[in-house]
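User: I would like a close look at one part of this model. Please keep it brisk.

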Amino acid sequence: MSSFRERWNVCASNIARRTHNPIRSIVENIVVEPNPNKPMIALSIGDPTTFGNLKPPKEVIEAVQESVASQLYNGYAPSTGYQRAREAVAEYSSNEFVKVDPKDVILCSGCSCALDLCITALAREGQNILIPRPGFSIYRTLAEGLGITVKSYDLRPELGWEIDLDDLEAQIDESTAAIVINNPSNPCGSVFSRDHILDILDIAARYYVPIIADEIYEHMVFPGRTFHSLASLSTEVPILSCSGLTKRFLVPGWRMGWIIIHDRQNVLEIEIRKGLHCLSQRIIGSNTIIQGALPAILGQTPQNFFDDVIHTLHSHSKLAYSCIVKIPGLKPIMPDGAMYMMVYIDLPCFPEFNSDLEFVQRLLMEESVFCLPGQTGNHGTVQHARGSLSKDSRILRETSL
Ligand SMILES: *Cc1c(COP(=O)(O)O)cnc(C)c1O
C-alpha cells in the first residue's frame, strides 16, 4: 500500500525549534559534575522552596484545603478566571493611586504564562521587543519561539542597576512592539526609584511604545526601600502588568499568575484586550482550585508573614555580602529587594577563567556550589554571577567560605 508520505517523517515545528530557555539549558545540561565529596548547594534557580526553610503561611494552605474540600472548583472556569478570583486580584492590586477593575484582570498559569500572553498579543513575527540585560531569560525564550526579535537594553551596575536610558531610547525603532521592564529585578535585586520609573515612562510615552511590566517581585523590597508599580505612576502609557503568587507567597508550583490591563487612554481597546482574551482560551484558563482559594490567599495572609520573608531575605543578603566581600576578586552588589545577589567577578584576578560561565562551572566542580553566570559580559568585560538568597543561612555561610 503506498502511503501519502512514504515514510515516517515527523519534524518539529518552527516554534519548537526556535524555543530555547538558556537558564533551563544551563541548569539541565551543565557539562561538569559537582564535587562528589561535597554536598550540592544549588543557588541557581529562583525557587524559594528548595531548601524547605521558606514556607507559605497556614492561612494559605488552609485556603487551598477548603477550596478542594468544597468541591466547588472541580469544573472549568471562564478562561480569564472566575469573577470572584479576579475581584480578589483587583482588590489586592488597587491602592490610592490605581484602582483596578476586575474586568481588567486575566488569570494565567503562573507569571510566565502572563508574560507569554502579553508578548504574543502585542508583538508580531518580525517585530521586536526590548528586554533588560542582564535579565530574566524567559522573555527571550517566549519571543524567539514566536519569531519575535529581542533587543537588549543595558542596566548599569554602578547606578544600582538602573536602566541605561540612552541605550533604551536608542534601541527603540519602527518595529518595537513593547518594552519589558522587570522591577524589582531578577537577577539584580534592584528596585527602581520613583524618578527612574518616571524617566522610563517618559521614553515609552514619547515613542508610543506600550510596556510589559514584570512585577512578580512587587512589594518584596528591603526596609527603607519603596516599591512603585509602573502603573501607579502613569496615566498615559498603556501597561500590561504581570504578577502572581509565585514569589511573594512562596508557591511557584501552584502556577497562579495574572495580567492587569492598565489602559486609561483606551489604547489597547479593543484589539489587544480581545487578543489577550482569545489567547487565554488556548489553555482554557488557569488552575481552578487555586482560583477558588485566591480570595482567602490574597485577603487573609497576615502582614507578619510578608515581613518575616523580607527579614529573612534581607539578613541572608547581608550575610552573603559580608562573606563574599572578603574574597579577593569578587565584589558582591547589595540588593534592595527580590531574592538574588549579583557578584562582580574581576576576571583578571582569575587568569584561568575566560568567562563567568567558566567560573561558575569550576565553582560547581570544586565546591559543589551552583550559581548562574550573569552573562553580562557581552558588552565589555564585566562578568557577574547570580546566587539565590532564599536558602538557609547556614548553607549560605558555608557557601561563601
Ligand atoms: C520567577 C519569575 C517569573 C515566573 O514566575 P512563574 O509564576 O513561576 O511563572 C517571572 N519573572 C521573573 C522575573 C521571575 O523571577
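By class, how many nonpolar, polar and charged residues does the lining of the second largest cavity have?

Analyst: The lining of the second largest cavity has five nonpolar, five polar and no charged residues. Ala, Val, Leu, Ile, Met, Phe, Trp, Tyr, Cys and Pro count as nonpolar, Asp, Glu, Lys and Arg as charged, and the others, Gly among them, as polar.

Some ground rules. This is a predicted model, in which local features need pLDDT of at least 70 and side-chain atom pairs pLDDT 80 or more, while totals for chains, interfaces and linings use all residues. Residues are numbered from 1 along each chain as its sequence is written, and side-chain values use heavy atoms, without hydrogens or water.

A cavity is a set of points, on a 1 Å grid over the protein atoms alone, where a 1.4 Å probe fits but cannot get out; lining residues have an atom within 4 Å of a point. Points are joined across faces, edges and corners, and the volume is the space filled by probe spheres set on them.

The structure holds two cavities of 30 Å³ or more. Helices (H or I, at least four residues) and strands (E, at least two) are DSSP runs, numbered from the N terminus.

Now follow β2 into its sheet. Eight strands form an open sheet with mixed pairing, in the order β2-β9-β8-β7-β6-β3-β4-β5. Two strands pair if DSSP finds at least two bridges between them. β2 is an edge strand, as is β5 (162-163), and each pairs on one side only.

For contrast, take the largest cavity. It also holds about 40 Å³. A231, S234, T235, V237, I239, H262, D263 and R264 line it. By class, they are three nonpolar, three polar and two charged.

K247 is in the loop between β8 (239-244) and β9 (257-262). K247 counts as buried because its relative accessibility is 11%; buried means under 20% relative accessible area, with a 1.4 Å probe and protein chains only. An unreviewed UniProt entry annotates K247 as "modified residue: N6-(pyridoxal phosphate)lysine". Such annotations may be inferred rather than shown by experiment.

Notes: 1 Å grid on protein atoms, 1.4 Å probe; cavity = no way out; pocket = protein on both sides within 12 Å on 5 of 7 lines; lining within 4 Å. Buried < 20%, exposed > 50% of the residue type's maximum accessible area, 1.4 Å probe, protein only.
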